[in-house]
Amino acid sequence: MTETRWLDDVETRAWLGFVFTRDLIAAAVGRDSLRESNLTYVEYTVLARLADAQDHRRSFAELAGVLEWSQSRLSHQITRMEKRGLVARESIPDDARRTAAVLTAKGEQVLAGAAPAHVESVRRHMIDVLDSGQLTALADIYDTLLAHHRRPDTRNPV
């Protein structure tokens, strides 16, 4: 068995900084979103991912992939949002076993009304706190981490 490689001070700061700031920023943006538009952070995210899709629709598999969620979590979220009239479920014509989530006219209207306040909140809680060099470095860091975690795991082939 190999010896544990404990985190040094810089590594600990980096890890805990990520954990705490991710939670704090998401919570702050979520509070602002709920107050300004009566949308949770998660609802806003689902609506935005549908809005940027062709015809404002995505299969559940595609939407779950874009959100990096399980299809079960997505299904529960879509059910809650359907009750509010923000999204609808539709069968996919070529495959009756598959379902798509579709942004409704109400959902599109709610998203359009919420977007300016959402962007302002993201700016206030993250973007405008950093200078351009820090922001570029952070974007590059996240690109690297996302690429690492999105590539197939060759250690555990399915």
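Helices here are DSSP runs of H or I with at least four residues, numbered from the N terminus. Keep in mind that this is a predicted model.

**Exercise 1.** Find which helix supplies the largest share of the nonpolar surface patch.

*Solution.* Start with the members: L7, W15, L16, F18, F20, L24, I141, Y142, L145 and L146, with about 960 Å² of accessible area together. Next, look at where they sit: α1 (9-37) and α6 (132-150) each give at least two residues. The largest share, five residues, belongs to α1.

**Exercise 2.** Work out how the buried residues of helix α3 are arranged around its axis.

*Solution.* First list them: in α3 (residues 60-67), F60, L63, A64 and L67 are buried. Viewed down the axis of α3, these residues fall within an arc of 100 degrees, so they line one face of the helix. Here is the general rule behind such a pattern: an α-helix has 3.6 residues a turn, so residues three or four places apart point the same way. Now ask what covers them: the cover includes α2 (41-51), β1 (57-59), α4 (71-83), β2 (87-92) and β3 (95-103). Just after α3, E68 has a positive phi of about 60 degrees.

**Exercise 3.** Decide whether E43 is buried or exposed, and describe its surroundings.

*Solution.* E43 belongs to helix α2. Its relative accessibility is 7%, under the 20% cut-off, so E43 is buried. The E43 side chain reaches the backbone nitrogen of T40 at 2.8 Å. Beyond neighbours within four places in sequence, E43 contacts N38, Q77, M81 and R84.

How values were computed. Residues are numbered from 1 along each chain as its sequence is written. This is a predicted model: local features need pLDDT of at least 70, side-chain atom pairs count only at pLDDT 80 or more; totals for chains, interfaces and linings use all residues. Side-chain values use heavy atoms; hydrogens and water are left out. Patches are made of residues with over 30% relative accessible area and no salt bridge: like charges are joined within 9 Å, nonpolar side chains (Val, Leu, Ile, Met, Phe, Trp, Tyr) within 5 Å. Accessible areas come from the Shrake-Rupley method with a 1.4 Å probe; for residues, only the protein chains shown count as cover. A salt bridge is a side-chain nitrogen of Lys or Arg within 4 Å of a carboxyl oxygen of Asp or Glu. Buried means under 20% relative accessible area, exposed over 50%, partly exposed in between (1.4 Å probe, protein chains only). The arc is that of the directions from the helix axis to the C-beta atoms. Contact means heavy atoms within 4.5 Å. A polar contact is a pair of N or O atoms within 3.5 Å; within protein, one must be able to donate a hydrogen and the other to accept it, and residues adjacent in sequence count only if both atoms are side-chain atoms.
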